[in-house]
Amino acid sequence: MIHPLHQFQFCPKCGMKGFRSQNEKAKQCASCGFVYYFNPSAAVACFLKDSEGCYLLVRRGQEPAKGTLDLPGGFVDLYENAEEALRREVREETDLDVMSCRYLFSIPNIYLYAGFEVHTLDLFFECLVDDFSGAKAKDDAAEIVICTSKEEMQPKAFGLASIQKAILHYSSEG
């Protein structure tokens, strides 16, 4: 297995080369002794439902997995909690305002960004909006897709592995 920090060769504290694997999740600088523990980035995604029980999905407008289906969501920014990130991401991608959200489950993931493996912990929510009438594909969403039931969401239509797993998990819930 390749170390998750294999692309990091220089110490982020002193800048010296010689940043070596200490264990499976950390590297240590041979010069200053600084140890960096690699932890996942937080990401959020939601099953966005309206008052009729329909679901809003987005089609990815950018790589990775451009052109495939996705759940609205994205990375949690500094100084925001998961719910704030989710509301921001839904607004950025769909122009809709979330009325309420409920945490469901999490899935560890590796998200390939510009050839760099970003280890993430994807937090999944179920969110509600009144209706989808004002929805517009914005930001990195290329298209809005509406499903009338969770059974319509086919995991293979989604391009990201953690989203596929989430669809399976969510669909199996009662």
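## Starting with strand 5

Buried means under 20% relative accessible area, exposed means over 50%, and partly exposed is in between (1.4 Å probe, protein chains only). With that in hand, take a look at strand 5 (55-60): five of its six residues are buried, so by this definition the strand is mostly covered. Helices (H or I, at least four residues) and strands (E, at least two) are DSSP runs, numbered from the N terminus.

Before going on, a word on the model. This is a predicted model, where local features need pLDDT of at least 70, side-chain atom pairs count only at pLDDT 80 or more, and totals for chains, interfaces and linings use all residues. Residues are numbered from 1 along each chain as its sequence is written, and side-chain values use heavy atoms, with hydrogens and water left out.

## Who pairs with strand 5?

Two strands pair if DSSP finds at least two bridges between them. Which strands run antiparallel to strand 5? Strand 4 (residues 41-49) is one of them, joined over two bridges, and here Leu-48 sits across from Leu-56 of strand 5. Strands 4 and 5 make a hairpin with five residues between them, and Gly-53 in that turn has a positive phi of about 90°.

Strand 10 (residues 141-147) is another antiparallel partner, with six bridges to strand 5. In that pairing, Leu-57 faces Val-145. Strand 6 also runs antiparallel to strand 5, through two bridges, and Val-58 is opposite Asp-70 there.

Now go back towards the start of the chain.

Strand 1 and strand 2 (residues 26-29) are linked by four bridges, and Phe-19 is found opposite Cys-29. Gln-9 belongs to the segment before strand 1 and is partly exposed, at 40% relative accessibility. Gln-9 and Lys-27 are 18 residues apart along the chain, and their C-alpha atoms are separated by 9.4 Å.

Most residues other than glycine have a negative phi, and most peptide bonds are trans. Where does this chain do something else? The loop between strand 5 and strand 6 (69-70) holds Pro-64, and the peptide bond from Glu-63 to Pro-64 is cis, with omega near 5°. Ala-65 is in that loop between strand 5 and strand 6 too; it has a positive phi of about 65°, though it isn't a glycine. Ala-65 counts as buried, at 18% relative accessibility.

Tyr-79 isn't a glycine either, but has a positive phi of about 70°. Tyr-79 lies in the loop between strand 7 (73-75) and helix 1 (82-94). Is Tyr-79 buried or exposed? Its relative accessible area is 84%, so Tyr-79 is exposed.

Cys-147 is in no disulfide either, and the nearest cysteine sulfur, in Cys-54, is 8.8 Å off. Cys-147 counts as buried, at 5% relative accessibility.

## The largest pocket

On a 1 Å grid over the protein atoms alone, a pocket is an open set of points where a 1.4 Å probe fits, with protein on both sides within 12 Å along at least five of seven lines; lining residues have an atom within 4 Å of a point. The largest pocket here has about 510 Å³ of space, where a volume is the space filled by probe spheres set on the points, and grid points are joined across faces, edges and corners. Of the 29 residues lining this pocket, the closest to its centre are Arg-60, Gly-73, Gly-74, Phe-75 and Tyr-111.

Several elements each supply at least two lining residues, including strand 5, helix 1, strand 8 (100-113), strand 9 (116-128) and helix 2 (161-172). The lining has 12 nonpolar, seven polar and 10 charged residues. Here Ala, Val, Leu, Ile, Met, Phe, Trp, Tyr, Cys and Pro count as nonpolar, Asp, Glu, Lys and Arg as charged, and the others, Gly among them, as polar.

Methods:
Disulfide = S-S within 2.5 Å.
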